[in-house]
Amino acid sequence: MTAPDPACRWLPPRAPASLRTALARAGTPAIPLVRRGAHHGYLVPAAEGPLPAADVLARWRSDRPVLLRGVLRARIRPYRQALGETLRLFARLRRGARFFDWVIGRLAGQGVYQSVGSSIDLGDPREVEKAFARARGARRGDGDLWAKLAWIAHDPRDPSLRIRFSWGVEALQEWHRDPRQARRADGLAAALFPECAVLGGHRLLFDLLRHLTGGPVRLSERIVYNNVPGGGAVFHHDAEATQLGVCFGQLAGETAWLALPRRELAEVVAEVAHGRATLRRFLGTPARAFAALKDTREPRLDRLLNRDPVLTRRLVERGAAFRMRAGDAVLLPSHSREDVAWHSVFGIGRSPSLAHSYGIFAAAPSRHGRRSRANPRAPGTHPRPP
Ligand SMILES: [Fe+2]
């Protein structure tokens with residue numbers, strides 16, 4: 001077991017403005033945790049020091065988030081202009097600009113990727129547009145690369161957007177199958193967003209990931225996030241077959257997070273549910289709560305996880321909350337669907353933020369398939385979570 005994080009503090013949604021003003025004057029602002037109209041209270045961040053090196057491996061092994069404060073700060077500086085352009089792009093896309101037109105213009109003249117078309121999946125209420133491209137040297141029969149622009153939530157109160165890069169037939173999850181195509185999709189992301197180099201070219205980060213996972217890694221299935229204050233992502237995990245975890249880098253603005261291992265989330269859920277007659281039978285023990293997390297679409301569980309300030313309070317007081325600022329990165333381990341970091345994200349601050357989130361994959365899959373000292377539990381195989 002690792003020691004709990006230095007806990008942030010939690011204030012209720014009705015905390016008096018005078019208290020919040022006093023805290024802000026003292027340099028510890030009370031950050032509203034509001035997502036799509038649900039007020040989870042205020043987060044008062046703890047002192048944000050670096051994680052002791054000895055804790056990093058222990059946290060990774062125990063499915064805890066590994067917060068790497070400031071590791072991207074120096075690498076962001078050369079990309080300030082690019083980051084500004086990306087933020088302006090998202091603002092235009094929110095106003096209805098055509099994503100594919102921008103992709104065509106961006107790739108033209110680079111000579112490496114060719115735009116081949118776009119589509120809109122009418123069955124996916126979150127998808128805005130999917131732009132397809134082909135890499136020079138790709139063979140006939142290789143699946144097309146794509147960049148998919150989507151709303152983060154199907155909710156008019158949250159205009160947060162994301163762009164995911166992948167290839168092949170999405171419904172068949174072809175992206176697991178061919179690392180060469182995955183690398184081409186990574187390259188497409190970098191061709192459109194040069195700031196991919198902040199994470200993608202970070203030697204120290206790759207060395208750390210090699211240490212944690214037991215072998216060299218690639219960072220693929222890239223997603224560019226534009227979280228808007230008051231929006232964000234509900235509790236979920238990113239356990240996927242072949243994916244060892246996720247690396248999330250905050251490049252501009254801020255986000256607030258709740259993140260902890262599935263088994264600990266189940267303990268907190270059970271603790272809160274046990275005190276409520278309507279939830280006790282369903283979620284009132286850690287074993288029941290752990291099992292219930294298989295399907296977070298269940299309305300009572302969804303409400304407790306994603307709209308209940310009492311649960312948020314318990315999680316904050318347990319040390320599961322942190323704030324991410326530009327230059328910070330966090331690693332979210334996925335050892336299996338059971339042994340995985342669950343997380344929930346809140347858009348905070350004054351303006352939309354920018355972050356990149358990449359899946360961590362073995363560069364040579366067979367090496368990571370065997371159990372290693374650094375990663376004693378081999379990744380499981382399981383479907384994409386809802
Ligand atoms: Fe995630």
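This is a predicted model: local features need pLDDT of at least 70, side-chain atom pairs count only at pLDDT 80 or more; totals for chains, interfaces and linings use all residues.
Figure 1. Strands of a sheet pair through backbone hydrogen bonds, and the pairing may be parallel or antiparallel.

Figure 2. Strand β5 is joined to strand β6 (residues 127-135) by 6 bridges, and the two strands run antiparallel. Within this pair, S119 stands opposite K130 of β6.

Figure 3. Residue E221 is found in strand β9. Although E221 is not a glycine, its phi is positive, at about 50 degrees. Is E221 buried or exposed? E221 is buried, because 25 other C-beta atoms lie within 10 Å. Residue T242 is placed in the loop between β10 and β11. T242 is likewise a residue other than glycine with a positive phi, here near 75 degrees. T242 counts as buried because it has 20 C-beta neighbours inside 10 Å, and the cut-off for a buried residue is 20 or more.

**Figure 4. The open sheet of 4 strands.** A sheet in the order β10-β15-β12-β13 is formed by 4 strands; it is open, and its pairing is antiparallel. Its edge strands, β10 (232-236) and β13 (321-325), each pair on one side only. The twist from one strand to the next averages 25 degrees. Inside this order, strand β12 (residues 254-261) pairs with strand β15 (residues 341-347) in the antiparallel sense, over 7 bridges.

**Figure 5. The hairpin of β2 and β3.** Strand β2 (residues 31-35) and strand β3 (residues 38-44) run antiparallel and are joined by 4 bridges. The bridge partner of P32 in β3 is Y42. There are 2 residues between the strands of this hairpin, and R36 takes a positive phi near 50 degrees. In a regular strand, the side chains alternate between the two faces of the sheet. In β2, I31, L33 and R35 point one way, whereas P32 and V34 point the other way, and all are buried. Because 5 of the 5 residues of β2 are buried, this strand is largely enclosed by the rest of the structure.

**Figure 6. Helix α1 and the residue G27.** How many of the 9 residues of helix α1 (residues 17-25) are buried? The number is 0, so α1 lies largely in the open. Just after α1, G27 takes a positive phi of about 85 degrees.

**Figure 7. The packing of helices α9 and α13.** Two packed helices are described by the angle between their axes and the distance between the axes. Helices α9 and α13 (residues 309-317) pack at an angle of about 135 degrees, and their axes are 10 Å apart. The two helices are therefore oblique to each other, since an angle counts as roughly antiparallel only over 145 degrees and as roughly perpendicular only from 65 to 115. The crossing in which α9 passes α13 is right-handed. On the side of α9, the contact is made by V268, V269, E271 and V272, and on the side of α13 by V310, L311, R314 and L315. These residues divide into 6 nonpolar, no polar and 2 charged. An α-helix has 3.6 residues a turn, so residues three or four places apart point the same way.

**Figure 8. The residue R263 in helix α9.** Residue R263 lies in α9, a helix of residues 262-274. R263 is partly exposed, because 17 other C-beta atoms lie within 10 Å; a buried residue has 20 or more, and an exposed residue has 12 or fewer. Along the chain, R263 and V71 are 192 residues apart, and their C-alpha atoms are separated by 29 Å.

Conventions. Residues are numbered from 1 along each chain as its sequence is written. Axes are lines fitted to C-alpha atoms, for helices over the stretch in contact, and angles run from 0 to 180 degrees between N-to-C directions. Angles under 35 degrees count as roughly parallel, over 145 as roughly antiparallel, 65 to 115 as roughly perpendicular and the rest as oblique. A crossing is left-handed if the near helix is turned anticlockwise from the far one by less than a right angle, and right-handed if clockwise. Two residues are in contact if their C-beta atoms, placed from the backbone, lie within 7 Å. Ala, Val, Leu, Ile, Met, Phe, Trp, Tyr, Cys and Pro count as nonpolar, Asp, Glu, Lys and Arg as charged, and the others, Gly among them, as polar. Two strands pair if DSSP finds at least two bridges between them.
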